[in-house]
Amino acid sequence: MNKQDMADEALFLLLHNEVISCVYKAGGDQGDAENGKCITKLENMGFRVGQGLIERFTKDTARFKDELDIMKFVCKDFWTTVFKKQIDNLRTNHQGIYVLQDNKFRLITQMSAGKQYLEHAPKYLAFSCGLIRGGLSNLGIKSIVTAEVSVMPACKFQVMIQKL
Amino acid sequence: MSRQTNRGTESKKMYWYLPFISPTASMHLMNSELFTLTYGALVTQLCKDYENDEDVNKQLEKMGYNIGVRLIEDFLARSSIGRCHDFRETADVIAKVAFKMYLGITPTITNWSPAGDEFSLILENNPLVDFVELPDNHSTLVYSNLLCGVLRGALEMVQMAVDVKFAQDTLKGDSVTEIRMKFIRRIEDNLPAGEE
């Protein structure tokens, strides 16, 4: 990758914040249903971006052997190109559930280093959940991705593979 | 002796340097496709949410403004740039330092008005539009309008009211992308006492 392909992350971080506040302003703060709609909207945007990114990142890689191989690619290469670090821990029950743990997730590191603002964390993770789901979807894996945070800035993404 | 004086003037000419190439700056680098695609997803979503392009343009500008207001702090903290003495210097800093730092491109500055209060930034390749094609039913959409907001917001924080808009756009069939900047006035109020 040459310099031309690089941008400054400050720009992305600010855009990401702005996207969230824009989606939430349009939706208003009326209860859980509205909140769910906003999360879905953010997730869908992430999905589309994930699809685009994976298409470009995998164009020179060898064919993947299996599901685990794909997950490893997502944890290492994909995560590194997007968030500049690898997923810290990948666990699976070998029945289609994977847990990706990032101990210092880029999009929430600047918010807090503890339990403060914990209730706002879901907004800041929805886009990234979509990112993973979109990426996997373009590699032929249908999945449901959720995220959970107990102490910021660590977070866990749970990927449930949908068997066809 | 003469060599000494030469060196003196040379060092005075250097108003600023590019933080982009410093080793610490690479810490802040990331894949630009993520930004480009995220921006695309945002515009797509706004086009779904709003009925006409004008509203989308307005919303993009507003979001850009909010970004610019914050981005200027990042910019001032990381570059060693002080206050600009005139609008020409501002233009230089925007094109050669700010655009380079955040988008990795250096637009050319042209079309100065005789009064020196208006100029154009010519973008050869706008990274925001990398994978974009405008459909026919969105002819009034200013796709990269976020940039205008960013420039306006950032300059407002350094006491400059500036009018920013797209004059030409490659997405609409023009040969280049042109951003027109017009200096309106200096914002005098809200300066803390005792500061220049």
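**From one contact to the whole interface**

The side chains of Glu33(B) and Arg56(A) are joined by a polar contact of 3.0 Å. Please keep in mind as we go that this is a predicted model. The pair also meets in a salt bridge, with 3.0 Å from N to O.

Leaving aside residues up to four places away in sequence, Glu33(B) touches Leu53(A), Arg56(A), Phe57(A) and Phe131(B). Is Glu33(B) buried or exposed? Its relative accessibility is 13%, under the 20% cut-off, so Glu33(B) counts as buried.

On the side of chain B that touches chain A, β1 (29-31), α2 (32-49), α3 (53-78) and α4 (87-103) each supply at least two residues. Helix α2(B) gives the most, with 12 residues. By type, the residues on this side of chain B divide into 20 nonpolar, nine polar and five charged.

Finally, consider the extent of the contact. Chain B contributes 34 residues and chain A 28 residues. Between them the two chains bury about 3300 Å², with 68% of it on carbon and sulfur atoms. Of the area that chain B buries against chain A, 19% comes from Met30(B), Leu34(B) and Phe35(B), more than from any other three residues.

Technical notes: Residues numbered from 1 in each chain as written. Chains lettered and ligands numbered in written order. Predicted model: local features only at pLDDT ≥ 70, side-chain atom pairs only at ≥ 80, totals over all residues. Heavy atoms only, no water. Contact = heavy atoms within 4.5 Å. Buried area = accessible area lost by both parts, 1.4 Å probe. Salt bridge = Lys/Arg side-chain N within 4 Å of Asp/Glu carboxyl O. Helix = DSSP H or I, 4+ residues; strand = E, 2+ residues; numbered from the N terminus. Nonpolar A, V, L, I, M, F, W, Y, C, P; charged D, E, K, R; others polar. Buried < 20%, exposed > 50% of the residue type's maximum accessible area, 1.4 Å probe, protein only. Polar contact = N/O pair within 3.5 Å; in protein donor to acceptor, adjacent residues only side chain to side chain.
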